[in-house]
Every structure is written in C-alpha cells, then in structure tokens.
Amino acid sequence: MRATLILFYILESYHKASMMRYLYFLLLISLSCSTTDNEIITDDTIIITDDTIAEEPDDTSETSNLYFPPIAGDTWEVTSPSTLNWNLTALQDLTDYVAENNSKAFIILKDGKIVVENYYQDTDATTSHRWNSAAKTLTAYTVGIAQQEDYLSINDASSNYLGTGWTTMTPEQEAAVTIRNQLTMTSGGDYTVDDTNCSDPECLLYLNDAGAEWYYHNAFYTLLQDVVTAAVPEDFNTYYDNKLKSQTGMTGAWVPFGYFRLYFSTARSMARFGLLTLNEGNWDGNQLIDASYFTEMTTPSQDINEAYGYLWWLNGQDSYRLPGTTTTFTGKLIPTAPDDLIAGLGKDDQKVYVLPSEGLVVIRLGDATEESLLGPSGFDTDLWEKIMAVIN
C-alpha cells in the first residue's frame, strides 16, 4: 500500500516558451522520487491538479484570508508544514499513527490549502468513501438553506410535512415534534425499540415529551430528508445538489441502504465541506447559509447534551452524552482538542473536524480504528493529541 505521489504529468500547452518547458521539466525531475504511504507534502509553490501547474494567486478571496479551490476541476494549492513552522517529527508520528489505524484517507487543510494528503489501502484521491453519520451535517445545512428560502421553519411541526400518522404516537404527542427536535435528537421517540434506525410508523413510539430528553435516534434524523422533500419544489437530493454540492465543487451522492441514506464522496469533497464550515457557511464570498442559523447549528442546541448542536458535535462544553446512552459525562468531548473544535462524526471513525482558531480542517476516512462506534470515539482524543503536538 503506497500513497500516490502528486503527479505533474502535463505541464503547459505546446505554445509555451521552451525555457518555461525546461524549468517545468526540471521541477518534474526533482519531484519524481518514490514515496511512502504517509508522504508529507512539502512544496508550497505547487497547485495540485490533474492538468496544470500554476503559480499561487495574489488574492484568493475578497471576503476572507482563506484559499478556496476553484469549483470546477481538481486544482488545489498546497503549503509546506515547514513554512508553517510545524513540528516535522511530530507530523511524521501523526501520519504514522493514522496509517497504522485502518485509515483510507487523511487530509489536513491550513487556511484552505492542503498541508497533508495521504491515502492508504489501495485508495487515492478519486476513491469514494462513505461518510456515515458525519453526513448528518450535510442535512443540517440543507434544512437551514430551506428555512432561509422560506420553504419551512425549524419550529414547524414535522407533521406539517410528513403528514399525520408518521408515528404511532397520539395525535397530540406527534404534533409536538418539530423539525428542530429532529435536528437536535430531542424528538422524544422510544429508543428501547428493537431498531432505532427503523423509520416506519410502527417503530416510532412515544417515550418522552418532545424536547425533554436527548437520545441519538437515527430514525427521526433520517426523516428530515423527507421533510425537505415535502417542503421544497424538488426532492431532497436535487435540492441538496443545487444549493450546496454544486456551489462548493463537491462531488458525491446519497445512496439508499435499508433505512439509511448514506453519503459517498471523495476525501477532497469532504474537505471542501469542511472549508465551507471553517468560513461559517460562506464559499469564497458566496454566503450559502444564513449566519444566524450557522451560529445556532454550531452552538449547544439544548442543555441536556451540551456537546450537540444541529447534528454537529461540539467541543469545549462542560458535559456531553454519547450515542446509545442517556448517561451524562462531565468534561469536554475531546479533551486534547481546543474548545472551538466542531465536528461531523460518523460510525467507524469517519471524521470531518473544523478548528476555526487554527484555520484547520482535518479529514479522516476509513475503517474503525478499534471497536465500531456510532460517532465519537477514543480515536478523537488520541488523534488530536498528536495534531496539537504538530502545530504547537
């Protein structure tokens, strides 16, 4: 298993001056040595692309200091960890750790530029990976966009869009469940049923009043996409594609799998989404999601599980709950990470981390590092201890 070296296999069109061709040829020769699975990108003058080499632009955004890759194509600038004064020994330890723990893709962005991009287990930049529950964050964005376009309000009763009888609760209990409850895992559904992924009415029973309890109940989340489909002129997939995916240059698709709707994309597409979130829902001057909704989405949404926003996990709170339990734990969700970290966390350690204070986006995709867990895991703590050793 070896990482794919950045290939500069097409330099410039035939009409470029011969001297420029010669300089590019020398550059190609200097970078054509073999590499290992945990290659560290170290040249900050190169733009990663399938068909061109270019110089860094003078101004990448009118609204921020972040770099945004073009929406079309595979161009993406890189920067060197040595230029950032990162600890290279610690960086090697970090990438070794990632490689040894069932990873398939690992990316670190700094201010939008790629610093580390590694692939393992016969994957590369074109490989599609499942996000699992990290994709809940995509749904949270899509609901927010539908609200700002006046197709719905998150304070509406879910039955306004799903119809009556979408659960087996009493009419009063069912009518009390709002879209906001679905976004915050506070719908009050019975989590002692045999399958909390089952979204059929007979599986959606009453246990608590809406808003009175927090429990990671997948079925109520899944039905958010049906809410959007009922609210907007097109279906959820088309609306998501038009309003979020195409606006950021992401690739990928939602794939039905039993009761689940899993999202698959490349690691770079996940990194694009992380970059959008790092810039608070603004893609290179295009504000895709209302700023007030973004703040609500990425701050505690209720006081039962302080570490949960609208389908986003939040660090730096005084307590947290985990999927599959009603136990409240004291302390930060990820004690080795800064307080402002937010994350989309999926089963088997699919991770999109966003750290505004450091301008970082970190992507990890692959198989479970240890036991198969629904979201947060011990890997979060170990990984961030190593990341902080690199950047401090």
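How many salt bridges does the rule used here count? The count comes to twelve, where a salt bridge is a side-chain nitrogen of Lys or Arg within 4 Å of a carboxyl oxygen of Asp or Glu. Keep in mind that this is a predicted model, so local features need pLDDT of at least 70, side-chain atom pairs count only at pLDDT 80 or more, and totals for chains, interfaces and linings use all residues. Residues are numbered from 1 along each chain as its sequence is written, and side-chain values use heavy atoms, with hydrogens and water left out.

| Asp367 | Lys104 | 3.8 Å |

The Asp367–Lys104 pair links distant parts of the chain, 263 residues apart: Asp367 is in the loop between strand E15 (360–366) and helix H12 (378–391), and Lys104 is in strand E3 (residues 103–110). Helices (H or I, at least four residues) and strands (E, at least two) are DSSP runs numbered from the N terminus. Asp367 is partly exposed at 27% relative accessible area, and Lys104 is partly exposed at 23%. On that scale, buried is under 20%, exposed is over 50% and partly exposed is in between (1.4 Å probe, protein chains only).

Glu149, in the loop between H3 and helix H4 (159–162), pairs with Lys243 in helix H9 (residues 236–248), 94 residues apart. Glu149 counts as partly exposed at 29%, as does Lys243 at 30%.

Asp349 and Lys351 are both buried. Shared partners join Asp349, Lys351 and Asp380 into one salt-bridge network.

Now for Ala134, in the loop between strand E5 (129–130) and helix H3 (136–148). Ala134 is buried, with a relative accessible area of 0%. Leaving aside neighbours within four places in sequence, its contacts (heavy atoms within 4.5 Å) are Met270, Gly344, Leu345, Gly346, Gln350 and Val352.

Of its 17 lining residues, the closest to the centre are Ser133, Asn218, Phe260, Leu262 and Lys347. Helix H7 (218–222) and strand E7 (260–265) are the elements that give two or more residues to the lining.A pocket here is an open set of points on a 1 Å grid over the protein atoms alone, where a 1.4 Å probe fits, with protein on both sides within 12 Å along at least five of seven lines; lining residues have an atom within 4 Å of a point.
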